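Visitor: Please show me the model. I would like to ask about its helices and pockets.

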Amino acid sequence: MPSSVTTAAPAVRLKSVALPPEHGGWGFVIEPILLGLLVAPSWGGLAFGVAVLGAFLARHPLKIAVTDHRRGRRYARTAAAERVAAIYLVLVVVGGAAALLLAGPAILVPVALAAPMGIVQLGGTLAGRGRDLLPELAGAVALAAAAASIARAGDGSVSVALGLWAILAARDVPSILYVRERLRLDKGRTHAPTLVLAANGVAAIALALLVVVQRAPWLSLLAVIALAARAVWGLSPNRRPVPVKVIGFLEVFYGLLVVVLAALGHHLGL
């Protein structure tokens, strides 16, 4: 068993341990919180959103601390990461406890359903493989469940809650596949757009079925179709290569489009 060794190091920039380096993950945590609160606002839902945000932010400092401990080393960043992770975990505990007190145990059902996917994502993160496809997909779908819990906290029905989760899953999975493939394509690497286009098609069909059985508004289907059109164009020979940051900003826009249209659809009955 390796001994713990304290290693001198320059002062640590707080941002490097407090904020995740992958900026794309922000959309996957903000979108379900925002959608849930727009559809069924409540103080319990807001408290649950704080807990979810704390859990999302805790992953990065936990990964740093665990990695350093595995190496038998203790750097300045190790202590900083431990302190930051502790603060974030306090948000999880306080936010979760407040949500339970305000909204009751109904919010835990989506959490339980999403837990296996969350474990896959956390395991990948702590193993340094958080950006692999399976942990990334699992983490996005697990975070999407927050919309269902927040909707339940606001007295939303089970069908509405699960519908919100499905809408975001139909946005997240094809989008992750698209961005990965788009980056490969723009860098001149081998690419296979078939899986991306198939995923977009399956997402649109699945959401169309939910619309037919009145478990999702048709405006949400319109948003998912827009995402499919974006994928077809973005992977076509006619696309224009753009910087990675532009792709990221566009994905934020598309995510907000899904949230706004889904929320409007629920409130307007469309």
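Guide: On a 1 Å grid over the protein atoms alone, a pocket is an open set of points with protein on both sides within 12 Å along at least five of seven lines, and lining residues have an atom within 4 Å of a point. Grid points are joined across faces, edges and corners, and a volume is the space filled by probe spheres set on the points. This is a predicted model, where local features need pLDDT of at least 70, side-chain atom pairs count only at pLDDT 80 or more, and totals for chains, interfaces and linings use all residues. Residues are numbered from 1 along each chain as its sequence is written, and side-chain values use heavy atoms, with hydrogens and water left out.

Visitor: What volume does the second largest pocket have?
Guide: Its lining counts 13 residues, and Tyr-178, Arg-182, Trp-233, Gly-234 and Leu-250 lie nearest the centre. The volume of the second largest pocket is about 220 Å³.

Visitor: Which helix gives the most to the lining of the second largest pocket?
Guide: Helices (H or I, at least four residues) are DSSP runs, numbered from the N terminus. α7, α9 (218-234) and α10 (244-268) each supply at least two residues of that lining. With five residues, the top contributor is α10.

Visitor: How many lining residues of the second largest pocket are charged?
Guide: Ala, Val, Leu, Ile, Met, Phe, Trp, Tyr, Cys and Pro count as nonpolar, Asp, Glu, Lys and Arg as charged, and the others, Gly among them, as polar. Seven of the lining residues are nonpolar and one is polar. The charged ones number five.

Visitor: Are α6 and α7 roughly parallel or roughly antiparallel?
Guide: Axes are lines fitted to C-alpha atoms, for helices over the stretch in contact, and angles run from 0 to 180 degrees between N-to-C directions. The axes of α6 (residues 133-153) and α7 (residues 158-186) come within 8 Å and cross at roughly 155 degrees. Angles under 35 degrees count as roughly parallel, and over 145 as roughly antiparallel. Therefore α6 and α7 are roughly antiparallel.

Visitor: How many residues in the contact of α8 with α9 are nonpolar?
Guide: α8 (residues 193-212) and α9 pack at about 170 degrees, with axes 9 Å apart. Contact means heavy atoms within 4.5 Å, and Leu-197 of α8 and Trp-218 of α9 are among the residues involved. Two residues are polar and one is charged, while the nonpolar count is 14.

Visitor: How many charged residues has the contact of α2 with α3?
Guide: α2 (residues 25-39) and α3 (residues 43-70) pack at about 170 degrees, with axes 10 Å apart. Trp-26 and Ile-33 in α2 are among the residues that meet α3. Nine residues of this contact are nonpolar and three polar, and the charged count is none.

Key. Angles under 35 degrees count as roughly parallel, over 145 as roughly antiparallel, 65 to 115 as roughly perpendicular and the rest as oblique. On a 1 Å grid over the protein atoms alone, a cavity is a set of points where a 1.4 Å probe fits but cannot get out, and a pocket is an open set with protein on both sides within 12 Å along at least five of seven lines; lining residues have an atom within 4 Å of a point.
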